[in-house]
Amino acid sequence: MNAYKKYITITDTSQLILSDLPFQVGQRVEIIILAEDNPRAEISKKLKDLFDKTQSLPGVQDITEAEIEAYQRGE
């Protein structure tokens, strides 16, 4: 089986158009769609989830910006 890889960006969630393919008319092909991993988006979501959990902990809302800055300075 020959493999052909083509990258496209989804612009319409209801359809996908492939063009300029190197296959013959009538040739049977198998289509497998794999979404490209976006590590930055995954990390951002994990970080947001972590912040949401952290912010909901008892006493966290009592921490001031000054205390955070002092902690960052190592005081």
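Are R73 and E75 buried or exposed, and which one is which? R73 is exposed, and E75 is exposed too.

## The model and its count

This structure is a predicted model. The count of salt bridges comes to three. Each is described below, pair by pair.

## R73 and E75

R73 forms a salt bridge with E75. The closest N and O atoms of R73 and E75 are 2.9 Å apart. Both partners are exposed.

## D49 and K45 in helix α1

Helix α1 covers residues 39–55. D49 and K45 both lie in this helix. Four residues separate them, about one turn of the helix. D49 pairs with K45 in a salt bridge, and their closest N and O atoms are 2.9 Å apart.

How exposed are the two partners? D49 has a relative accessibility of 31%, so D49 counts as partly exposed. K45 has a relative accessible area of 52%. The cut-off for exposed is over 50%, so K45 is exposed.

## D52 and K48 in helix α1

Helix α1 also holds D52 and K48. These two are four residues apart, again about one turn of the helix. D52 forms a salt bridge with K48. Here the closest N and O atoms are 3.0 Å apart.

What is the relative accessibility of D52? The value is 42%, so D52 counts as partly exposed.

Notes: Residues are numbered from 1 along each chain as its sequence is written. This is a predicted model: local features need pLDDT of at least 70, side-chain atom pairs count only at pLDDT 80 or more; totals for chains, interfaces and linings use all residues. Side-chain values use heavy atoms; hydrogens and water are left out. A salt bridge is a side-chain nitrogen of Lys or Arg within 4 Å of a carboxyl oxygen of Asp or Glu. Buried means under 20% relative accessible area, exposed over 50%, partly exposed in between (1.4 Å probe, protein chains only).
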